[in-house]
Amino acid sequence: MQFLDFEKPIEDLYDQLAKLKENGAKSGVDVTATVNEYEQKIANTRLELYEHLTSYQKVLLSRHPDRPYTLAYIEKMCTNFVELHGDRNVKDDKAMVGGFADLDGETVMFIGQQKGVNTKMRQIRNFGMANPEGYRKALRLMKLAEKFNKPIVTLIDTPGAYPGLEAEERGQGEAIARNIFEMVKLRVPVICIIIGEGASGGALGIGIGDRILMLENSWYTVISPENCSTILWRSWNFKEKAAEELKLTSDHMSRFGLVDGVIKEPLGGAHVNPDEMADILKQKIKDTLAELRKIDADTRIEQRIDKFSNMGFFEER
């Protein structure tokens with residue numbers, strides 16, 4: 001297991017537990033009772049620690065290297081996943097994945113950003129930062145799902161759309177804007193779920209739907225805390241303060257009415273028990289699809305437009 005800096009008390013207990021088991025095995029002494037005490041102490045420490053997480057600690061959790069990514073969720077929730085490639089114009093963007101899959105007997109189009117599970121794959125996946133062709137591929141798959149009257153589920157996990165010169169030359173802004181415009185009008189149910197990082201237009205490019213959901217330890221805002229700190233304070237040293245001011249956690253988003261629901265994670269985060277997290281997510285998707293199927297397409301589109309038109313509030317001083 002990998003531990004974040006603020007999880008040091010839990011890491012220390014795990015180290016002590018490992019030494020206890022090792023000593024017990026060497027000496028032949030039954031240490032079951034002591035092991036149970038340590039496991040209970042770990043559970044209590046984790047509960048106490050995770051009840052008082054700061055905004056930036058939740059950001060760190062959303063980036064945990066063991067946290068499940070899009071393909072991991074699809075693999076655990078579905079069968080017969082058929083990945084579809086390419087935007088039919090430039091190339092296949094490895095940072096954006098998608099295809100049809102069987103979700104307990106129902107065909108669903110899954111689309112999402114994929115970061116990569118090791119250093120080499122992260123480079124291939126461009127750390128989950130899609131180019132314009134990635135968003136155009138996503139739109140092509142959405143239109144394909146609409147053609148065959150299949151619901152769409154998007155899994156959002158990106159630090160932002162790729163900001164490189166070549167992405168701008170190929171129309172990054174237009175590609176994201178086109179997706180937003182087209183997703184509003186899709187006649188099939190659309191569920192968007194932020195499973196990790198949800199930054200800026202990179203998230204919005206596949207983030208317009210009938211229901212917007214967030215995992216408990218994910219975040220959703222216009223800019224990362226580090227970049228916000230760099231712009232406002234000319235330094236990354238104020239990233240914790242930036243995270244608090246951005247109000248980017250699932251709790252904040254729910255209170256602001258920018259998301260429709262928060263999905264509880266296993267204690268310690270989704271990476272602690274990926275199978276349980278996938279089961280929770282799968283059930284939520286099934287329940288939400290059942291709810292959306294009761295609404296006709298024209299009404300869904302009207303509600304979708306109203307939802308995003310009514311977002312935002314301000315206060316004059």
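G196 is found in strand β5, which spans residues 190-199, strands being DSSP runs (E) of at least two residues, numbered from the N terminus. The model is a predicted one, in which local features need pLDDT of at least 70 and side-chain atom pairs count only at pLDDT 80 or more, whereas totals for chains, interfaces and linings use all residues. Residues are numbered from 1 along each chain as its sequence is written, and side-chain values use heavy atoms, with hydrogens and water left out.

With a relative accessible area of 0%, G196 is buried (under 20% relative accessible area, 1.4 Å probe, protein chains only). Neighbours within four places in sequence aside, G196 is in contact with S62, R67, I156, D157, S218 and W219, contact meaning heavy atoms within 4.5 Å. Between G196 and I74, 122 residues apart in sequence, the C-alpha to C-alpha distance is 15 Å.

The domain assignment of the chain gives domain 1 (5-52) and domain 2 (59-310), with bounds that come from an automatic or database assignment. The C-alpha centres of domain 1 and domain 2 lie 36 Å apart, and the contact takes 6 residues from each of the two domains. About 480 Å² is buried between domain 1 and domain 2, with carbon and sulfur atoms giving 77% of this area (the accessible area, 1.4 Å probe, that two parts lose on being put together, summed over both). Of the area that domain 1 buries against domain 2, 74% is supplied by F6, R46 and Y50, more than by any other three residues.

Conventions
Helix = DSSP H or I, 4+ residues; strand = E, 2+ residues; numbered from the N terminus. Buried < 20%, exposed > 50% of the residue type's maximum accessible area, 1.4 Å probe, protein only.
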